[in-house]
Amino acid sequence: MADGNAGFDLRGLIANSLLEWEDHVAAVAVAGGCNLRCPFCHSWRYVTGLADLRPLDAEELFRLLERQSGWIDGVVFTGGEPTLQPGLAGMMRRARALGARIKLHTNGSRPGVVRKLLREGLLDLLALDYKAPLDGRLAAATGLEDGGALAAAVRETFVLAAGAGVEREYHTTLVPGFVDEEAFAEMAERLDRGGLWILQQFENGDCLDRRFSGSPRYGGEALERLAARARAEGIRVLLRKGKSA
């Protein structure tokens with residue numbers, strides 16, 4: 001089996017997107033499976049619903065890149081959690097050989113994988129989830145009994161990102177109860193000033209934990225206030241307010 005086709009559970013493929021990579025047209029490869037159980041996750045079908053999703057042949061991605069050569073900019077590897085896939089680096093090598101730039105969107109739980117990808121020069125943009133302050137409070141936001149080990153791993157990945165010399169993004173879904181104003185201030189204080197902080201509205205329509213479906217969200221003014229607070233700290237911010245904030 002060709003390098004890049006083995007060991008990657010491809011469960012979703014978007015031919016081209018203007019949303020997943022700012023100012024780029026990108027294909028999106030969605031990996032199945034995740035090691036977290038964030039209760040507010042709206043992509044839960046790639047986490048716990050795999051029995052209802054048809055596995056895709058990884059060759060579909062490469063055929064897509066060949067067809068769209070010349071006008072698509074790159075590939076976003078997301079999930080689920082793509083760093084769980086042993087074939088991730090091989091997929092990236094093949095995409096790179098076809099002229100694609102590479103973005104990885106990860107929860108940051110596997111710094112060893114990220115380190116290897118950076119050393120091999122396979123990443124153009126590293127996007128990291130920043131779900132809550134990187135301490136024990138991360139447990140509730142990720143559905144784990146103990147978030148301490150995860151927090152340590154994510155902190156290590158953040159350090160790798162800041163020193164890697166590639167573009168980086170930090171993604172925070174603003175969920176009341178997990179990211180209040182005090183937590184937000186702590187997160188802003190510790191954030192790498194060289195990255196882009198993407199603040200996004202909590203989509204409460206279809207969540208992994210059904211108790212969060214229909215639960216309260218921040219209003220538009222509150223979102224703007226948090227974004228302004230981060231900008232005042234010298235952080236580049238992109239605010240995505242969702243459909244009805």
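This is a predicted model: local features need pLDDT of at least 70, side-chain atom pairs count only at pLDDT 80 or more; totals for chains, interfaces and linings use all residues.

Trainee: OK, so why does R229 count as partly exposed?

Mentor: R229 has 37% relative accessibility, so it counts as partly exposed. You'll find R229 in helix 7, residues 220-232.

Trainee: What is R229 in contact with, leaving aside its neighbours within four places in sequence?

Mentor: E181, F184 and A185. Contact means heavy atoms within 4.5 Å. Take F184: it sits 45 residues from R229 along the chain, and their C-alpha atoms are 9.2 Å apart.

Trainee: What makes the span of helix 5 close to the one expected?

Mentor: The expected span is 1.5 Å times one less than the number of residues. Helix 5, residues 148-162, has 15 residues, giving an expected 21 Å, and its first and last C-alpha atoms are 21 Å apart.

Trainee: Which parts of the chain do the buried residues of helix 5 pack against?

Mentor: Helix 3, strand 5, helix 4 and strand 6. Those buried residues include L150, V154 and F158.

Trainee: How do you know that the radius of gyration of the protein chain agrees with a compact globule?

Mentor: For 245 residues, a compact globule would have a radius near 18 Å; the chain has 17 Å, which agrees.

Trainee: And how much of the chain is buried?

Mentor: Buried residues make up 55% of the 245; that label again means under 20% relative accessible area.

Notes:
Residues are numbered from 1 along each chain as its sequence is written. Side-chain values use heavy atoms; hydrogens and water are left out. Helices (H or I, at least four residues) and strands (E, at least two) are DSSP runs, numbered from the N terminus. Buried means under 20% relative accessible area, exposed over 50%, partly exposed in between (1.4 Å probe, protein chains only). The radius of gyration is taken over C-alpha atoms; the globule rule is 2.2 Å times the number of residues to the power 0.38.
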